[in-house]
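Try each one before you read its solution.

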Amino acid sequence: MDGDVAVGVKRGSDELNMYGSSPNSMTANGSDSKKQRLDESPPSRVLHIRKLPNEVSETEVIALGLPFGKVTNILMLKGKNQAFLELGTEEAAITMVNYYTAVTPQVRNTPVFIQYSNHKELKTDSALNQRAQAVLQAVSAVQDGSSPSSDPGVLDLAPPPSPVLRIIIDNMFYPVTLDVLQQIFSKFGTVMKIITFTKNNQFQALLQFSDPVNAQQAKLSLDGQNIYNSCCTLRIDFSKLVNLNVKYNNDKSRDYTRPDLPTGDGEATNKDHSLLGAISPLSAAAAAAAAAGRVALSGSGVSGVLLASNLNEEMVTPQSLFTLFGVYGDVQRVKILYNKKDSALIQLSDGNQAQLAMSHLNGQKVFGKVMRVTLSKHQTVALPREGLDDQLLTKDFSGSPLHRFKKPGSKNFQNIFPPSATLHLSNIRDGVGEDDLRLLFSNSGGTVKAFKFFQDRKMALIQMSSVEEAIQALMDLHNYDMGGNHHLKVSFSKSTI
């Protein structure tokens, strides 16, 4: 319920006082006392949904209920940003309410509120509610696997053309893996095969169900939904292909009907091994969310502040932590603790970035010591009062030009990898050669094992003798000034030389 205020702020004050002006017993009221009373309504298969965003469609409201069972009726109160949704059984409604008590339901990135209605069934005037009924009929037809008898023009629901969906992911701020897709889509039927690829700088996938009806149901429910909070939006179409040909089982493609396929990298199939590097740290949470029938995975419930401990207090600085944690998110503030200088608080832009950084950096060796990274109970890192931080232990990076992820859709989102001995270098100045770069990187206290320029010589891979040395080099040399306004960019690579 903590999204309460944000909704009002986002939509303007007209929505905040909307409930106060209507004493109608059917509508919920924003005040706590009345909300309390309404929350205690006995279970009913009719659910009351409040605080829907403007312009929301019937399909989007129905999609909230679809994973839990058959939706039998809907009534939209457009002017009031509310709706009533009737499910086929009371059990389905109870499952839905219980689930959404734990996970905030979202429509178009806006938290909405769901509770039992005082009504036991919906009686709707079919003339007024014609569009909703047509949508409902189309949805039911998909659920039943038949084709709708009424005019299918509302949802354009001809019989499903193919069991294969083409999925494009917009705003891919966090890695989406094949496993995440399998978890989400298998809610709608048996997923047989998935192939992922990048086309026009966009992550895409082809996903094959055992039955075209399942593909249609998934498309209807998931098209336009976000996998993670406010990003990774699914765009779904039917593919012209009706069958996928998968050669390898690895992190790019999978045929679930043929576990014996090779991984394609010369190893025998060892599914867990080949996936270790590929599974997104959020896929466990995505799996839980998908298993419970909800797509959006909100990082907003998680604090964006991390606690790093067991640091080398002789060596560590706010700047070095900013650079290292900045590989996985935009670091806003860093505070090394005054009474415990082997520990620091690091504040990132949001909970998703914090989880990403924690999963990649916990247990890594930094300045000779194994760093521990956990989620902090703090919501923000406080800045010291002026003149009190004489040891320069706290630094505010909120205006830093070095944030890697502030540009939506930046290529950096697709290049987030765990710490590795091989580093990817970019923005190399013209005329700088291999010897210069080998010297620069060996001066940071490590041994350069291998080096390779890309064709344009603006990018290169450099391999250090250990992950620890690579971490050290990245902290020292990311944003190194090569002269002529060329600042070297350093990140971890998934490749080896």
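This is a predicted model: local features need pLDDT of at least 70, side-chain atom pairs count only at pLDDT 80 or more; totals for chains, interfaces and linings use all residues.

**Exercise 1.** Find which residues of helix 13 are buried, and work out how they are arranged around the axis.

*Solution.* Start with the span of helix 13, residues 434–442, where Leu437, Leu440 and Phe441 are buried. Next, look at the directions around the axis: these residues cover an arc of only 90°, so they sit on the same side of helix 13. Then turn to the face directed away from that buried side, which carries the exposed residues Asp435 and Leu439. Finally, check what covers the buried residues of helix 13: the cover includes strand 20 (422–426), strand 21 (448–453), strand 22 (460–464), helix 14 (467–477) and strand 23 (489–492).

**Exercise 2.** Identify the residues that touch the most other members of the largest nonpolar core.

*Solution.* This core has 79 residues, and those with the most contacts to other members are Ile169, Val176, Phe185, Phe325, Leu423 and Phe441. Helix 14 gives the most to this core, with six residues. Apart from it lies another core, of 29 residues, including Ile74 and Val107. For a local view, take valine 176: beyond its neighbours within four places in sequence, its contacts are Ile169, Leu181, Phe203, Ile227, Tyr228 and Cys232.

**Exercise 3.** Is asparagine 443 buried or exposed?

*Solution.* First locate asparagine 443, in the loop between helix 13 and strand 21. Its relative accessible area is 60%, and exposed means over 50%, so asparagine 443 counts as exposed.

Methods: Residues are numbered from 1 along each chain as its sequence is written. Side-chain values use heavy atoms; hydrogens and water are left out. Buried means under 20% relative accessible area, exposed over 50%, partly exposed in between (1.4 Å probe, protein chains only). Helices (H or I, at least four residues) and strands (E, at least two) are DSSP runs, numbered from the N terminus. The arc is that of the directions from the helix axis to the C-beta atoms. Contact means heavy atoms within 4.5 Å. A nonpolar core is a set of buried Ala, Val, Leu, Ile, Met, Phe, Trp, Tyr and Cys residues joined through side-chain atoms within 4.5 Å.
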